[in-house]
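Reader: I would like to talk through the aromatic and nonpolar side chains of a protein. Could we look at the structure together?

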Amino acid sequence: MRSLTRPFHLAARCVVATIMLVAPSMADAQVSMLGPTFGIVPLGPLVRDPDVAYDPVNHVYLAVWGNHPTLGRFVNPDRTFASAVFKIHQTNAYTQTARVAYSPDTGAFLVTWLDGRVNPAVSEIWGRILAFQGGVPTFLTNDFRISSPGQTARAGNAAAIAYSTSADEFGVAYQVEAPAANDIRMRRVGNAGQLLGSEIVITQNPDFEDQPSIGYNASANEFLITYHFNGGGVDRIYGTRVQSGTGAVLGSPTILDTAAFVSAPQTTYDPSSQRYFVVWFNFVGNGTIYGNFVNANGTTAGNKIAIACCYSSYGALDVDRNPISGTYLAVFQSNSPEDKGAEISATGVPSPDFFVTAAGGAGTFNPRVAPSEDVKQWLLVTSRSYAQPVAQFLQTSSSSGPPSLGINDVSVTEGNGGTVTATFNVSLTASSSQTITVDYATANGTASAGSDYVSKSGTLTFNPGTTTQPVSITVNGDTAIEPNETFVVNLSNATNAPIQDSQGVGTIVNDDFAPPPIIQNLSPNQGTSLGGTPFTITGLNFGEGTTVTIGGSAPTNLVVQSTTITGVTPPHAPGAVNLVVTNLDGQTATALFTYVAAPAPTVQSVSPNQGSTAGGTPVTIRGTGFGNGATVKIGKVSASNVVVVDSTTITAVTGPRAADFVNVLVTNPDGQSGILIHGYTYVPPGQASAPAPQTITPNQGSTAGGTFVTINGAYFVAGATVLIGKVAATNVVVVDSNTITAFTAPRAPDIVNVIVTNPDGQSGMIYHGYTYVAGVPAPAPIVQSVNPNQGSTAGGTPITITGLYFANGAIVSIGGAAATNVQVLNSTTITALTGPRSAGTFNVLVTNPDLQSGALLNGYTYQAQVPAPTVTRVLPLEGPVGGGMPLRLMGTDFVVGATVTLGGVPATNVQVISKTTILAISPPHAAGLVDVVVTNPDSQSGTLANGFRYK
């Protein structure tokens, strides 16, 4: 929800003056500094654009900053440090302009920065995901590039990050300076650091756009990207909505402000009102900071609000909302040595501005804030004369309005019998001088009154000064294996106070569990982004009511048995996603499924290949790679009644069009398309059919001519003539209405058309159907298989490539990474070693010395090396020499299919429950201490020496 801060002044473009703000102000500033301003690190190297985010689970802030290297430090709410200063990126490349955002789904942070590791002149956007685990910074991914390779992000122009709780992804917006011309782009990033989908183009025009900011609306599952636009002699602040989960750009941009000079929009979101709040600088005349609310549909909620005046800072601006107070805090670089801020109420009423950092003698700028989700506080980070990141805690006594009523949510564990009490608290946001009453009543959710809980209703009275009243509900215990169940307590009919939160949800937590589902194998574990891949899951403990999702979507044709699940994958964007099996009691098992980009469709033939200009001709289109939902255009006219029979066949009905040779275009739902040039001919109704050549074999030959060719098609008539590159073929024989043979005439090298003309003058053409080449050309290589078809990202995997027409001196590349030790054994076999490459599935390309090449699409998969397992503990610690003791092994990086040995003897009934837990039965063994060894399917193993005693 944050954007660029650029720490320099443009005082020449702003006149400092005293004006009366149009908006009514809050009576007094409610925000105050909590303790002194403090340094995050001692005075040191150059610091630019710090940032901060809050972890509400561990109750720590993460502050990040740079210019080379990018550093971070965890800060406690009591102004102490939860960690030492640590370096975030893995290289020694020059970096700057760090940004950070938090994922509540994984409890991890995404940190981004501008990185010059590939080329110091090219500042790409890179990122890394880390968490605060066990009291220390823990990196969950390696560095990964977010912007497209080679794209230059403008120096000092930070990425902006927001997190989608519905799609479980970060949205990262950034400016691209080259090769595009100052446009805004966006990438969706998963919790494991994977890039989801392709780069999203927010702006693409010759004008100038920069300073992106981003917010997220959970109710609509959308991002709002705001940015500065300059074009046509005016500046504007724009907002563009993007659908989370798909990356689709929604509607037209919203104009928030237009002036001769505006800049630096910053965006946050209020889930209670389902509105964004955006602030920005308008430098016309006096340098005023404005704000406005933006509705979920992208429209503004009213006129812009004047927040503070008069400041000449350019870009040093931020805003965020505290969910406890319900108010916004805008912070900005002032004309004084220190930063200032203004608090804005939930309805848009600003306070007078005030200092947010204490005087330090050197001045501060580049302020950024993050709210606590526990109390009415923010942590502000800023930089002091580029040389030191400093921080300041701020607190407010404000609230979002008059006292209102609300009720909390409650969870209780049901127990196996008897009753437990679920106690809800109905609370006022502040005490009142009036007596307040409110009615309450329970209602069923998935739990049923009588059997699961005891229904209850009544009236609560809040005497003056009282702010909390309990509502106690009796919950019945049982031993049934079932999902968690819910009921609600509804508030209604309040007097002297509004109801802000009218429903409390009671969750009855099931404590009776069947064995969890276990996935032992998923086959296949990858498929195309079009979906439609049949899959089989084998494992244990599947049952009635078991469901499956792949990348969050349900597969089709799902059949569940106790040890087997079959189905067909849904479509999804390329990338690795979770396949989740969920039993009726809510227990889950997860495997990884990889969607690869589907190859573009090919159109090979149309039958019949001509028809009336009136349209209405049924046609059958054959080719490869057709996806469900594909569309068909014949001569740029959409066909009707399109049915994708399977991946190789489509039926459709032609639309009306003027007489002509036209192309046939098939477009899959992912936007990829295939075309058959001049594949269909429109003729006037009743006219004799024009010849329709479709293929010529062979399709190339010597410039000396004399090549014997066969032309296949339809509607050939005796006496037809053939032109190949406008030169008449010789010895033309019309074998039948579908076949012609002939000999090519001499011609200069070129790619030429093949034209068949019937005696009535009608013609048909194969566009660029034949190639004249000097001499007799060697055929292009054909790649048929690669064995093995997967290996480590480190490279060095020996592979054997089989196919046709390989020539001595051929080279091999996989996904652009050159293979080494390439040996052409013969025309059908090549051996090589893979080069290093990032994880993914890529094409295998063989190029002969004559530069002709052949590829096997998606022929090889690079897999990241799985760490070796570790065994840290075995429970119980000892057992009988006869074996048969149930064991629980604990450790790390266990993989489904792992084996267990005790003293070299294999254990039985081995079940890999998770990456950290294995269940097994001890085998018989002689008395004494033995080593416990876990071996993963990749042969890596971990040993707990003397981990178990036989007695």
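**Aromatic rings and nonpolar groups**

Author: Tyr453 and Phe487 are both buried, where buried means under 20% relative accessible area, exposed over 50% and partly exposed in between (1.4 Å probe, protein chains only). This is a predicted model, in which local features need pLDDT of at least 70, side-chain atom pairs count only at pLDDT 80 or more, and totals for chains, interfaces and linings use all residues. Residues are numbered from 1 along each chain as its sequence is written, and side-chain values use heavy atoms, with hydrogens and water left out.

Reader: How many aromatic pairs are there?

Author: The count comes to 27 aromatic pairs. Rings of Phe, Tyr and Trp (its six-membered ring) pair if their centres lie within 6.5 Å; planes under 30 degrees apart count as stacked, over 60 as edge-to-face and the rest as tilted.

Reader: Why is the pair of Phe277 and Phe293 tilted?

Author: The planes of Phe277 and Phe293 stand at 45°, with the ring centres 4.9 Å apart, so this pair is tilted. Phe277 belongs to strand S21 (residues 275–282) and Phe293 to strand S22 (residues 288–295), 16 residues apart. Strands (E, at least two residues) are DSSP runs, as are helices (H or I, at least four), numbered from the N terminus.

Reader: Are Phe277 and Phe293 buried or exposed?

Author: Both Phe277 and Phe293 are buried.

Reader: Changing topic: which residues have the most contacts inside the largest nonpolar core?

Author: They are Leu405, Phe424, Val426, Phe462 and Phe487, in a core of 23 residues. A nonpolar core is a set of buried Ala, Val, Leu, Ile, Met, Phe, Trp, Tyr and Cys residues joined through side-chain atoms within 4.5 Å.

Reader: What does S34 give to this core?

Author: S34 gives the most, with four residues.
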